[in-house]
Amino acid sequence: MKDDDILTHIHELIAEEHGLRQRLASGAISSHEENNRITQLEEALDQAWDLLRQRRARREFGEDPDSAAPRPIDEVEDYRQ
């Protein structure tokens, strides 16, 4: 995945999150449904941002950004923002 692809994915996840909040506000989904999906979206966002940071760091230090790989959720969830 290239940087632009990762950023596109991040924007799609954010748009879905906003859509879920609107659907919750309109009563189209329950708070339980919204919470479950929001948790999944947050995890996917954490992974995507981490991958983008890895790629940028590798590029900055003269390494191949394509060698960066998504890390497991349990690893990226504990990072401080």
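Tutor: Let's start with a term: buried means under 20% relative accessible area, exposed over 50%, and partly exposed in between, using a 1.4 Å probe and protein chains only. The model is predicted, so local features need pLDDT of at least 70 and side-chain atom pairs count only at pLDDT 80 or more, while totals for chains, interfaces and linings use all residues. Residues are numbered from 1 along each chain as its sequence is written, and side-chain values use heavy atoms, leaving out hydrogens and water.

Student: Which residues of helix 2 are buried?

Tutor: Among them are E34, I38, D46, D50 and R55.

Student: Why is D50 called buried?

Tutor: Its relative accessible area is 3%, and the limit is under 20%, so D50 counts as buried.

Student: What makes the link between D50 and R71 a polar contact?

Tutor: Such a contact needs a pair of N or O atoms within 3.5 Å; within protein, one must be able to donate a hydrogen and the other to accept it, and residues adjacent in sequence count only if both atoms are side-chain atoms. The side chains of D50 and R71 are joined at 2.8 Å.

Student: What makes up the largest nonpolar core?

Tutor: A nonpolar core is a set of buried Ala, Val, Leu, Ile, Met, Phe, Trp, Tyr and Cys residues joined through side-chain atoms within 4.5 Å. The largest has 12 residues, including I6, I10, L45, A48 and A68. Helix 2 contributes the most to this core, 6 residues.

Student: Which residues does A48 touch?

Tutor: Leaving aside residues up to four places away in sequence, A48 touches I6, H9 and I10, where contact means heavy atoms within 4.5 Å.

Notes: Helices (H or I, at least four residues) and strands (E, at least two) are DSSP runs, numbered from the N terminus.
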